[in-house]
Amino acid sequence: MSKNDPYAALRFREFNIFLLVRFALVFGWSMQFVVIEWQVYAMTNDELSLGIIGLCEFLPAFFLAPIAGHIVDKKEKRNLFTLCIALFSLISFGLYWLTSAYVESTWDTNPILFCIYGLVFFGGILRSFFGPTIFSLIALLVPKQAYPNAATWSSSTWKGASVFGALIGGFLIAWIGVHYTLGIIFLLVMLALVLVFQISKKPILNTKTEESIKESLKVGLRFVFNDKVILGALTLDMIAVLFGGAVAIFAVFAKDILDAGPKGFGILNAALSSGSIITMLATTYIPITRDTGKKLLVSVLGFGFCMIVFGASKLMWLSVLALFFSGVFDGVSMVIRQTILQLKTPDEMRGRVGAVNSMFVGSSNELGALESGIAARLFGAPLAVVLGGSVTLLTVAFIGIKNKPLRELDLRRDIQY
């Protein structure tokens, strides 16, 4: 296999099926996020309600992640992935049914709102399993030499689905309404459920079947916190997402600041992701394994600066441009982080390390939504985003100075061809 083969991972059939499944899921999940955020804000006209959505998903996703990682390492990955998709379909159908009740006015607003929060909470439980399961499954679909390329394609698929999911979700809200959009999301999840059976069952690589949950969690956490490269990469991304991100309050910008409506809401979401997918596709041809640490620091620094520009902007074109370039930098940092984790994590610990990654980064999306909602309520949405971007810049400077192993990281030494 060539060192610079941009299609190395795509030469494996099951990995291609995995990408199709992931695209369908993330496309639906991204649309669902847009629809829920828009519907809840339309029902409440309160920025804090957007933060509550983040809190409902964060709590179970964060606190159950360590236990989920332990379970993932001990279970067969394909079947576990299938179960997660099946349960996710129940959430999609539940939201479809609830919006029907809202449209027909058979329920009052508050019960529907609380049921939406409940389904989001259930989704957070699933999120705690999705992350480590997907992370573990990728390593079983391609050989180690293809891990960097697989991480790039997997991340690109995730971002690509986010781009089109957010964009089409916004347009569909305007064209066919929230209810029928959620019906389309349910069909996408069912498609993913059918496709996943084209992947064969995989071996369980963790042979320590008698290891207690407590000991298992201690081993996983000790591994992450003792590795300065992994810990530094996760911390950078966590802070950037927690404080620098503004996705949860895009509805506020679209509706109240930029006066762009639901279509503009979709465009803002898509602008962030479109920059990411273009960059990630480029990294399949231009590997990021050289001077990896420096590239990670620069990319997170650029992301923080772009978010400051977005927060200060009152022009639609400038806001879209700032989000596009923040997506460019975010795409680089995402590919680098996933490649670091794939190359430096032992096979028998992938579930637990994937769970810690979910706690640091995945759950910070939801906690960041709460932070954004509270900050927007206290300071106003523009100032909240500017402050968050500033915290990101300070974090990059601190880690760049203090974490020498990450700063000098070069992943070419970790790949054996």
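Asn 45 is located in the loop that joins α1 to α2 (47–63). In this predicted model, the phi angle of Asn 45 is near 55°, which is a positive value in a residue other than glycine. Most residues other than glycine have a negative phi. The relative accessibility of Asn 45 is 49%, and the residue therefore counts as partly exposed, given that the exposed class begins over 50%. Asp 259 is placed in the loop between α10 (250–257) and α11 (261–282). Because its relative accessibility is 69%, Asp 259 counts as exposed.

Two packing arrangements involve helix α13. In one of them, helix α12 (residues 292–312) packs against helix α13 (residues 316–344) at an angle of about 160°, the axes being 8 Å apart. Since angles over 145 degrees are classed as roughly antiparallel, α12 and α13 are therefore roughly antiparallel to each other. The crossing of α12 past α13 is left-handed. On the α12 side, the contact is formed by Thr 292, Lys 295, Leu 296, Val 298, Ser 299, Val 300, Gly 302, Phe 303, Cys 306, Met 307, Val 309 and Phe 310. These residues meet Leu 318, Ser 319, Ala 322, Leu 323, Phe 325, Ser 326, Phe 329, Asp 330, Val 332, Ser 333 and Ile 336 of α13. Divided by class, the contact of α12 with α13 comprises 15 nonpolar, 6 polar and 2 charged residues.

In the other arrangement, the axes of helix α6 (residues 147–175) and α13 come within 9 Å and cross at roughly 135°. The two helices α6 and α13 are therefore oblique to each other, and α6 passes α13 in a right-handed crossing. From α6, the contact draws on Tyr 147, Pro 148, Ala 151, Thr 152, Ser 155, Trp 158 and Lys 159. From α13, the contributing residues are Asp 330, Met 334, Val 335, Gln 338, Thr 339, Gln 342 and Leu 343. By class, the contact of α6 with α13 contains 7 nonpolar, 5 polar and 2 charged residues. Asp 330 of α13 is listed both in the contact with α12 and in the contact with α6.

The largest nonpolar core consists of 115 residues. Those with the most contacts inside this core are Phe 15, Phe 18, Phe 81, Ile 85, Phe 130 and Phe 310. Helix α1 (residues 13–44) gives the most to the core, contributing 18 residues. When neighbours within four places in sequence are left aside, Phe 18 is in contact with Phe 81, Ile 134, Leu 137, Ile 138, Leu 141, Ser 154 and Ile 199. Phe 310, another of the core residues with the most contacts, also takes part in the contact of α12 with α13.

Helix α3 (residues 65–74) is mostly covered, with 7 of its 10 residues buried. The buried residues of α3 are Ala 65, Pro 66, Ala 68, Gly 69, His 70, Val 72 and Asp 73. Gly 131, by contrast, is found in helix α5 (residues 109–138) and, at 27% relative accessibility, counts as partly exposed. Gly 131 and Gly 380 are 249 residues apart along the chain, and their C-alpha atoms are separated by 33 Å.

Note on methods
Residues numbered from 1 in each chain as written. Predicted model: local features only at pLDDT ≥ 70, side-chain atom pairs only at ≥ 80, totals over all residues. Heavy atoms only, no water. Axes fitted to C-alpha atoms, helices over the stretch in contact; angles between N-to-C directions. Helix = DSSP H or I, 4+ residues; strand = E, 2+ residues; numbered from the N terminus. Parallel < 35°, antiparallel > 145°, perpendicular 65-115°, else oblique. Left-handed = near helix turned anticlockwise from the far one by under 90°. Contact = heavy atoms within 4.5 Å. Nonpolar A, V, L, I, M, F, W, Y, C, P; charged D, E, K, R; others polar. Buried < 20%, exposed > 50% of the residue type's maximum accessible area, 1.4 Å probe, protein only. Core = buried A, V, L, I, M, F, W, Y, C linked by side-chain atoms within 4.5 Å.
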